Amino acid sequence: MKAPFSAILLCCSLTAAAGDWTGKVIGITDGDTLAVMQAGRAVKVRLVEIDAPESRQDFGQRSKQSLSELCFGQVATVREQGKDRYGRVLGRVFCGGADANAEQVRRGMAWWYVRYGKDVALKRIEEQARAARRGLWAADVPVPPWEFRRGRRAALERPG
């Protein structure tokens with residue numbers, strides 16, 4: 001039995017939507033987002049399964065610097081996994097052979113993102129970073145970025 005043309009087209013377009021591609025890292029937004037040149041344009045890439053401190057949060061600038069040291073100016077391989085609600089590419093990023101997502105967690109510069117994380121290896125890497133008190137884990141009570149963002153939203157919504 002032959003598949004209808006529309007089913008074949010849908011299958012092929014879904015397959016083409018994700019995959020591996022390479023480009024030069026031209027910018028670092030924060031500890032979990034960077035810009036990569038692809039086909040002559042800058043593409044924002046959000047590192048999947050991790051969440052780095054916000055820019056105004058403790059360790060936010062150090063996390064951004066860490067990602068910059070790992071990737072800025074290098075050719076990166078992006079293992080694309082779709083897009084987020086802001087239109088950013090979601091992906092696992094490899095710079096100089098290093099898994100930037102895992103390395104940010106290993107350095108204590110990002111959390112394994114419990115809500116969206118599927119790779120339990122990242123959870124184990126976070127546990128090791130916590131035990132060694134690396135990076136943000138040196139703080140007495142590190143605040144996860146998702147709680148920091150929730151707190152900022154609540155403060156903005158309070159009548160002043």
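**The disulfide and what surrounds it**

Tutor: Start with a simple count: the structure holds one disulfide. Keep in mind that this is a predicted model.

Student: What is a disulfide, in bond terms?

Tutor: A disulfide is a covalent bond between the sulfur atoms of two cysteines.

Student: Ok, which cysteines does the disulfide join here?

Tutor: Cys 71 and Cys 95, with 2.2 Å from S to S. The pair links distant parts of the chain, as Cys 71 is in helix α2 and Cys 95 is in strand β6, 24 residues apart.

Student: And which hand does the link of Cys 71 and Cys 95 have?

Tutor: Right-handed, with 100° about the S-S bond.

Student: Are Cys 71 and Cys 95 buried or exposed?

Tutor: Both are buried.

Student: What does Cys 71 touch?

Tutor: Leaving aside residues up to four places away in sequence, Cys 71 touches Val 25, Leu 34, Cys 95 and Ala 100.

Student: Which residues touch the most other members in the largest nonpolar core?

Tutor: That core has 25 residues, and the ones touching the most other members are Val 25, Leu 34, Val 45, Leu 67, Cys 71 and Val 93.

Student: Switching topic. How many aromatic pairs are there in the whole structure?

Tutor: A search finds four. One of them is Trp 111 with Trp 146: the ring centres are 6.2 Å apart and the planes are at 70°, so the pair is edge-to-face.

Student: Why does 70° make it edge-to-face?

Tutor: Because planes over 60 degrees apart count as edge-to-face, and the planes of Trp 111 and Trp 146 are at 70°.

Student: Where in the chain are Trp 111 and Trp 146?

Tutor: Trp 111 is in strand β8 (residues 111–112) and Trp 146 is in helix α5, 35 residues apart, so this pair links distant parts of the chain. Trp 111 is buried, with a relative accessible area of 4%.

Student: What about Tyr 113 and Trp 146, how do they pair?

Tutor: They are stacked, at 5.4 Å centre to centre with 10° between the planes. Tyr 113 is in the loop between β8 and α4, and 33 residues separate it from Trp 146 in helix α5. Tyr 113 counts as buried, at 12% relative accessibility.

Student: Which residues do the ring pairs link into a cluster?

Tutor: Trp 111, Tyr 113, Tyr 116, Trp 137 and Trp 146. Trp 137 also belongs to the core of six residues.

Student: I clicked on Gln 104. Where does it lie?

Tutor: In helix α3. At 0% relative accessibility, Gln 104 counts as buried.

Student: What does Gln 104 touch?

Tutor: Not counting residues up to four places away in sequence, Gln 104 touches Gly 31, Ile 50, Ser 63, Ser 66, Leu 67, Leu 70, Met 109 and Ala 110. Gln 104 and Asp 32 are 72 residues apart in sequence, yet 8.2 Å apart in space, C-alpha to C-alpha.

Student: Now backbone angles. What is phi of Ala 39?

Tutor: Near 50°, which is a positive value in a residue other than glycine. Ala 39 is found in the loop between β2 and β3, and at 82% relative accessibility it counts as exposed.

Student: And phi of Arg 133?

Tutor: Near 55°, again a positive value in a residue other than glycine. Arg 133 lies in the loop between α4 and α5 (145–157). It counts as partly exposed, at 46% relative accessibility.

Student: Last thing, the whole chain. How many helices and strands?

Tutor: Five helices and eight strands. Along the sequence the pattern is α-β-β-β-β-α-β-β-β-α-β-α-α.

Student: How much of the chain is buried?

Tutor: Of the 160 residues in the chain, 40% are buried. The chain exposes about 9,700 Å², and carbon and sulfur atoms supply 54% of that.

Definitions and conventions: Residues are numbered from 1 along each chain as its sequence is written. This is a predicted model: local features need pLDDT of at least 70, side-chain atom pairs count only at pLDDT 80 or more; totals for chains, interfaces and linings use all residues. Side-chain values use heavy atoms; hydrogens and water are left out. A nonpolar core is a set of buried Ala, Val, Leu, Ile, Met, Phe, Trp, Tyr and Cys residues joined through side-chain atoms within 4.5 Å. Buried means under 20% relative accessible area, exposed over 50%, partly exposed in between (1.4 Å probe, protein chains only). Contact means heavy atoms within 4.5 Å. Helices (H or I, at least four residues) and strands (E, at least two) are DSSP runs, numbered from the N terminus. A disulfide is a pair of cysteine sulfur atoms within 2.5 Å. Rings of Phe, Tyr and Trp (its six-membered ring) pair if their centres lie within 6.5 Å; planes under 30 degrees apart count as stacked, over 60 as edge-to-face and the rest as tilted. Accessible areas come from the Shrake-Rupley method with a 1.4 Å probe; for residues, only the protein chains shown count as cover.
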